[in-house]
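Here is a short report for a reader meeting this structure for the first time. Take a look at the chain, then follow the headings below.

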Amino acid sequence: MTAQTTQIVQATTTASSTPARTLFINAHIATGQPGSTVAQTAPLQDILAENGRIAAIGEGLASTLAAQGYNMADVEVVDLGGKLVCPPFCDTHLHLDYVFTARKPGAVNESGTLFEGIQRWSDTKSDLTVDEIKSRARKAIAMELRHGVQYIRSHADVTDPNLTSLKALLELKEELKDVVTIQIVSFPQEGMYSYEGPHGESGAELVEEGLRMGADCVGGIPHFEQCREFGEKSMHTVVELASKYDKLIDVHCDETDDPNSRYVELLSALAYRAGIGERTTASHTCSLGSVDNAYFFHLTKLLKAAHINFACAPTENLYLQGRQDTFPKRRGITRVKELTDAGINVSLGQDSMQDPWYPLGNGNMMIILDYVLHVAQMMSFPEIDDALKFLTVNGATTLGMRDNYGVEVGKPANFVVLNADSVFDAVYERCDVIRSVRGGRTLFSAHTVVEGNDEVLDGLLLR
Ligand SMILES: [Zn+2]
């Protein structure tokens, strides 16, 4: 636990409840909408949070409210000091059931490849319990919260006849819903048609059971299946299950340097034909970094028509990919710039925190953003000025949550305050998040105290 987190815990234990109305003054709002980066000279705004939602945004709201008859003695006022305000960060690809298992006996990944990571996990996952998964995941969520994340899509490995990971994450999702929104993917880590459980269960059957238990998304891993036919069959199953149970889709898709791994094509076509492209995400798609341009040119037409989303995990795949190369060594990252330029939605993910696939990862999405801007060579000034979209509105698009997301009147009063005066400075400084507000309540502030004594947050940070 960091010294700063300790301070948060102490503050939490003495804080009083938050008034129903809070007026956040002197906010420099970056909405996160594409192309709407606020210039440094834009007038500062005030944000009124009322009963958990944004009731008003404007200049000099305090005097306006007083004139409207508000009793200002009942309104808590928080001065944001002209710092940058944006919607909370979204981590659209994370494995909460895997966090902090990297040093477990037998889990150390010697080769640094994706496939050894899967094998190490398979070899060491039999002793998992709901309680110990929740304990590790709580620590990871607290770290993500501390870096401004309030929306997480986590995969839960369901290639386990007891579905222990899924049970743990479903409980956490409910217990922590006031501080973080968690979506869960019913994810067959060892394959839909390559895995066979002790009683003959297929991965596909366990994925379906996970959906019946309450998972939000259908997962898949076609490039890991034993043969192309199984991979293709799994893509059909994913789309059929999503349609049958009215779920989102998030597939670990083509996480390999093999340019012949092209399941994103089939996934997109099937989702398009089923009319659920916008509810579909292809995660990783590393092979797009290895295919030739003629193929990508053809594929782009389908991707644009299907409107599927992409989730990129730049640090993870920089580490895992290119392991069969000598030199030149491929980067193993999907085509973030080319997809973005084509109008296709791309969001980002931390993916791992100290697990058999990746030894680092601390939930700081500003680091993830920094990596992707470098590796995708997206560093023109307009691209930097627009970069926070990858952590904010693009993430919410992937999650299918745009209707309730954004610093806009009528939406939930969820936002973060960055220690920067402009988007450029935020990216330039890889700045800290200095306040996170959820439902009008401050979850933490780097400079003052936690306001509100919610037991969930208290417990989250204490464990
Ligand atoms: Zn993953």
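## The open sheet

Eight strands form an open sheet in the order S6-S7-S8-S9-S10-S11-S12-S13, with parallel pairing. Strand S6 (89-94) and S13 stand at the edges with a single partner strand each, so one side of each has no neighbour in the sheet. Two strands count as paired if DSSP finds at least two bridges between them. Helices (H or I, at least four residues) and strands (E, at least two) are DSSP runs, numbered from the N terminus.

S9 and strand S10 (residues 248-253) run parallel and are joined by two bridges. Cys-217 has Leu-248 as its bridge partner in S10. In general, strands of a sheet pair through backbone hydrogen bonds, either parallel or antiparallel.

## The model and the whole chain

This is a predicted model: local features need pLDDT of at least 70, side-chain atom pairs count only at pLDDT 80 or more, and totals for chains, interfaces and linings use all residues. Residues are numbered from 1 along each chain as its sequence is written.

The chain has 16 helices and 16 strands. Of its 463 residues, 53% are buried. A residue is buried if 20 or more other C-beta atoms lie within 10 Å of its own, exposed if 12 or fewer, and partly exposed in between, with C-beta atoms placed from the backbone. Among contacts with a separation of 6 or more, 75% join residues 24 or more positions apart. Two residues are in contact if their C-beta atoms, placed from the backbone, lie within 7 Å.

## The nonpolar core

The largest nonpolar core has 124 residues, and Val-85 and Leu-369 have the most contacts inside it. Helix H4 (residues 130-146) gives the most to this core, with seven residues. The core also draws at least three residues from each of domain 1 (3-87 + 407-462) and domain 2 (89-403). Those bounds come from an automatic or database domain assignment. A nonpolar core is a set of buried Ala, Val, Leu, Ile, Met, Phe, Trp, Tyr and Cys residues joined through C-beta atoms within 7 Å.

What does Leu-369 touch, not counting residues up to four places away in sequence? Its contacts are Leu-348, Ala-387, Phe-390, Leu-391 and Val-427. In soluble globular proteins, nonpolar side chains tend to be buried together.

## Helices H6 and H7

Helix H6 (residues 203-213) has these buried residues: Gly-203, Ala-204, Leu-206, Val-207, Glu-208, Gly-210 and Leu-211. Their cover includes helix H5 (164-175), strand S8 (181-187), strand S9 (217-218) and helix H7 (228-245). Gly-214 follows H6 with a positive phi, near 125 degrees.

Gly-231 lies in helix H7. Gly-231 is buried because 25 other C-beta atoms lie within 10 Å. Leaving out residues up to four places away in sequence, Gly-231 touches Pro-222, His-223, Glu-225 and Tyr-263. Gly-231 and Tyr-263 are 32 residues apart in sequence, yet 7.6 Å apart in space, C-alpha to C-alpha.

## Helix H9

Helix H9 (residues 293-306) has 14 residues and should span 20 Å at 1.5 Å a residue; its end C-alpha atoms are 20 Å apart, which agrees. The expected span is 1.5 Å times one less than the number of residues. H9 bends by about 25 degrees at Leu-299. The bend is the angle between axes fitted to the seven residues ending at a residue and the seven starting there. Just after H9, His-307 takes a positive phi of about 60 degrees.

Ala-306 lies in H9. Why is Ala-306 called buried? Because 24 other C-beta atoms lie within 10 Å of Ala-306. Beyond neighbours within four places in sequence, Ala-306 is in contact with Ser-268, Ala-271, Tyr-272 and Gly-277. Ala-306 and Gly-277 are 29 residues apart in sequence and 4.9 Å apart in space, C-alpha to C-alpha.

## Backbone details in the loops

Leu-163 sits in the loop between strand S7 (149-157) and H5. Leu-163 has a positive phi, near 50 degrees, in a residue other than glycine. Leu-163 is buried, with 20 other C-beta atoms within 10 Å.

Asp-351 is in the loop between strand S13 (346-348) and helix H12 (365-375). Its phi is also positive, near 75 degrees. Asp-351 is buried, with 28 other C-beta atoms within 10 Å. A cis peptide bond joins Phe-327 and Pro-328, with omega about 0 degrees. Pro-328 lies in the loop between helix H10 (314-320) and helix H11 (336-341).
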